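This briefing is intended for reading alongside the sequence and the coordinates.

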Amino acid sequence: MVRPISPLGGPALVPMAASCDSSGLTVFFLLRAGCEHRIVEPHKACGVNRNIANGENRMSVLGGRQLLIDGKWRDSVSGKVFESRNPATGELLATVAEGDAADIDLAVAAARRAFEGPWSKAKPYDRQRLLLKFADLVEQHIEELVTLDTLDMGAPIAGALANRQRVPSMIRYYAGVVNHLYGETLPNSAAGEIFTYTTKEPVGVVGAIIPWNGPIGTTIWKICPVLATGCTAVLKPAEETPLTALRLGELLLEAGLPDGVINIVPGFGATAGASLAAHMDVDKIAFTGSHFTGQKIVQVSAGNLKRLSLELGGKSPDIVFADADLDAAVAGASMAAFANCGQICTAGTRLFVERKIYDEFTARVAEFGRSLRIGNGIDLTTQIGPLVSQKQLDRVTGYMAIGKQEGARTVSGGERLTEGILANGFFVQPTVFVDVHNEMRIAREEIFGPVISAIPFDDIDEVIKGANATQFGLGSGVWTRDVGKAHRLSKAIRAGVVWVNCYNVSDPAVPFGGYKMSGYGRESGRQQLDDYLNVKSVWIKTA
């Protein structure tokens with residue numbers, strides 16, 4: 001049962017009635033300031049149709065969602081709103097206030113006041129206590145949060161629930177490093193008696209811009225280092241998936257977040273995102289998204305030489321040797337590309353397979369893809385959900401057509417799914433292309449869908465050259481029982497992450513980021529926190 005709390009400062013949430021919707025979820029109708037809200041308990045099921053109360057003050061599934069600026073929820077300056085819809089069904093989830101340049105100005109001003117005001121006097125203990133309280137609240141509400149992710153972008157809820165400890169553990173990691181952000185005492189060779197040391201200080205106001213493919217994780221990755229280091233931030237969530245970030249904003253307020261420290265402004269990239277990236281009173285931009293947008297951010301950041309950390313796209317090689325554990329490699333290589341419907345920046349979509357096992361292995365990967373259950377992510381049996389939007393569907397099916405035009409051959413998939421309950425969603429088949437070479441567009445360009453381009457190789461030198469023949473350098477995988485090959489490939493591949501006999505494993509203590517057009521700067525680990533800190537050198541003449 002949802003607790004009657006009021007993190008927005010208005011009337012408390014009050015259970016009104018319970019009903020069941022067609023997806024088999026128990027739904028609680030709640031009242032806040034005259035608007036209807038629905039909170040979903042994913043494990044409870046019943047078999048009746050949706051029963052949504054009618055009334056002119058009931059706006060949508062989650063009601064109207066506002067901007068968080070200076071500790072208060074407010075409409076956008078323009079009064080504009082946009083819709084958030086379920087990509088599995090097309091149904092309206094919520095109307096969301098649409099921020100633009102005027103709202104970004106207000107949010108940046110609030111962040112600056114907080115940074116130069118009371119927040120600057122907060123002790124490490126205060127920041128740590130806030131993060132730990134936030135972690136506890138996220139843990140308490142994790143089913144609600146993963147349900148929002150599933151409804152808003154389609155990711156299967158079963159996987160998120162199975163990995164439910166990941167997000168709270170990320171927050172607690174950042175809480176744990178708060179007391180370890182220190183400088184050094186340094187010897188010097190200057191004449192006289194001079195004592196030298198360094199301190200680390202927060203960089204200032206951070207503009208954080210996140211993508212739509214993992215709202216919970218990317219939001220945490222951006223706001224927690226801000227809180228740990230003593231910065232302040234304006235967060236611009238993706239327009240496709242704003243709901244989870246806004247709910248996390250409510251939990252931050254409940255945890256005791258001071259006014260203006262974290263501000264959340266949903267809106268579109270061309271307006272809110274562009275204004276934040278170019279804003280002259282923002283000291284740093286932390287961006288996750290496409291390399292095209294990353295290049296634009298680099299250009300507009302020149303106005304005040306903002307510090308940048310950019311986690312951009314990828315076209316990751318996943319290399320399978322004949323001596324690998326092939327059963328493990330089939331499952332691992334398949335889900336390296338098909339998980340989250342391929343909407344992962346590290347997706348191992350360039351599958352290099354040693355020629356002697358190429359036909360057998362690609363056939364097994366194709367069969368693995370055909371065996372996956374595709375459907376609405378809210379169904380606990382779903383393994384592959386929809387793409388996030390019509391735009392993304394057009395992109396992925398367009399690349400499927402391009403692959404066929406280039407001479408690649410599909411051994412599975414290659415089409416949109418439109419039958420039955422999938423008709424109104426953005427569903428595609430997990431796809432395996434064979435007869436692919438590295439010059440094809442499907443092997444060079446990021447598709448961001450469940451599409452594998454399988455490329456044969458004969459020897460280790462050839463596959464190293466092929467793996468590095470890309471403008472990207474984010475993730476990579478190697479499947480082999482030979483430890484010598486594992487070490488050689490790990491050194492030779494030009495990528496920020498190499499997984500050996502596994503894929504997409506992560507931990508908040510281990511840095512993550514890319515080479516080349518996959519960006520610079522790191523998420524997670526101590527290296528990420530350095531991007532949010534300035535180093536000051538102090539010289540004191542003592543005699």
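Is Cys-231 buried or exposed? Cys-231 is buried, with a relative accessible area of 0%. The model is a predicted one, and its pLDDT averages 89 over the protein, with 88% of the residues scoring at least 70.

**Confidence**

- Residues 1–61 have a pLDDT that stays under 50.

**Cysteines**

- The structure holds 0 disulfides.
- Cys-231, at 0% relative accessible area, is buried because the cut-off for that class is under 20%.
- Cys-502 has a relative accessibility of 28% and therefore counts as partly exposed, a class that lies between 20% and 50%.

- Helix 6 covers residues 215–229, which makes 15 residues.
- At 1.5 Å a residue, helix 6 should span 21 Å, and its end C-alpha atoms are 22 Å apart, in agreement with that expectation.
- Because 15 of the 15 residues of helix 6 are buried, this helix is largely enclosed by the rest of the structure.
- Val-226 is found in helix 6 and is buried, with a relative accessible area of 0%.
- Beyond its neighbours within four places in sequence, Val-226 is in contact with Val-206, Cys-231, Thr-232, Ala-233, Ile-262 and Tyr-532.
- Val-226 and Tyr-174 are 52 residues apart along the chain, and their C-alpha atoms are separated by 9.6 Å.

**Nonpolar cores**

- In soluble globular proteins, nonpolar side chains tend to be buried together.
- The largest nonpolar core contains 76 residues, of which Leu-131, Phe-134, Val-138, Ile-171, Leu-227 and Ile-262 touch the most other members.
- Apart from that core lies another, of 52 residues, whose members include Ile-384, Leu-393, Ile-402 and Ile-455.
- Leu-227 is in contact with Trp-119, Arg-127, Leu-130, Leu-131, Leu-252, Leu-257, Val-261 and Ile-262, leaving aside neighbours within four places in sequence.

- Three strands form an open sheet in the order 9-10-26, and their pairing is antiparallel.
- Strand 9 (185–186) and strand 26 (533–541) are the edge strands, each pairing on one side only.
- Strand 10 (residues 194–202) pairs with strand 9 in the antiparallel sense over 2 bridges.
- Leu-186 has Thr-196 of strand 10 as its bridge partner.

**Leu-326 in helix 10**

- Leu-326 lies in helix 10, which covers residues 326–338.
- With a relative accessible area of 17%, Leu-326 is buried, since the cut-off is under 20%.
- Not counting residues up to four places away in sequence, Leu-326 touches Val-320, Phe-321, Ile-357, Glu-360, Phe-361 and Arg-364.
- Leu-326 and Arg-364 are 38 residues apart in sequence, while their C-alpha atoms lie 9.6 Å apart in space.

**Ala-495 in a loop**

- The loop between helix 15 (483–492) and strand 24 (499–500) contains Ala-495.
- Ala-495 is buried, with a relative accessible area of 7%.
- Ala-495 touches Gly-473, Leu-474, Gly-475, Ser-476 and Tyr-515, residues up to four places away in sequence not being counted.
- Between Ala-495 and Tyr-515, which are 20 residues apart along the chain, the C-alpha separation is 5.5 Å.

How values were computed. Residues numbered from 1 in each chain as written. Predicted model: local features only at pLDDT ≥ 70, side-chain atom pairs only at ≥ 80, totals over all residues. Heavy atoms only, no water. Pairing = 2+ DSSP bridges. Helix = DSSP H or I, 4+ residues; strand = E, 2+ residues; numbered from the N terminus. Disulfide = S-S within 2.5 Å. Buried < 20%, exposed > 50% of the residue type's maximum accessible area, 1.4 Å probe, protein only. pLDDT = per-residue confidence, 0-100. Contact = heavy atoms within 4.5 Å. Expected span 1.5 Å × (residues − 1). Core = buried A, V, L, I, M, F, W, Y, C linked by side-chain atoms within 4.5 Å.
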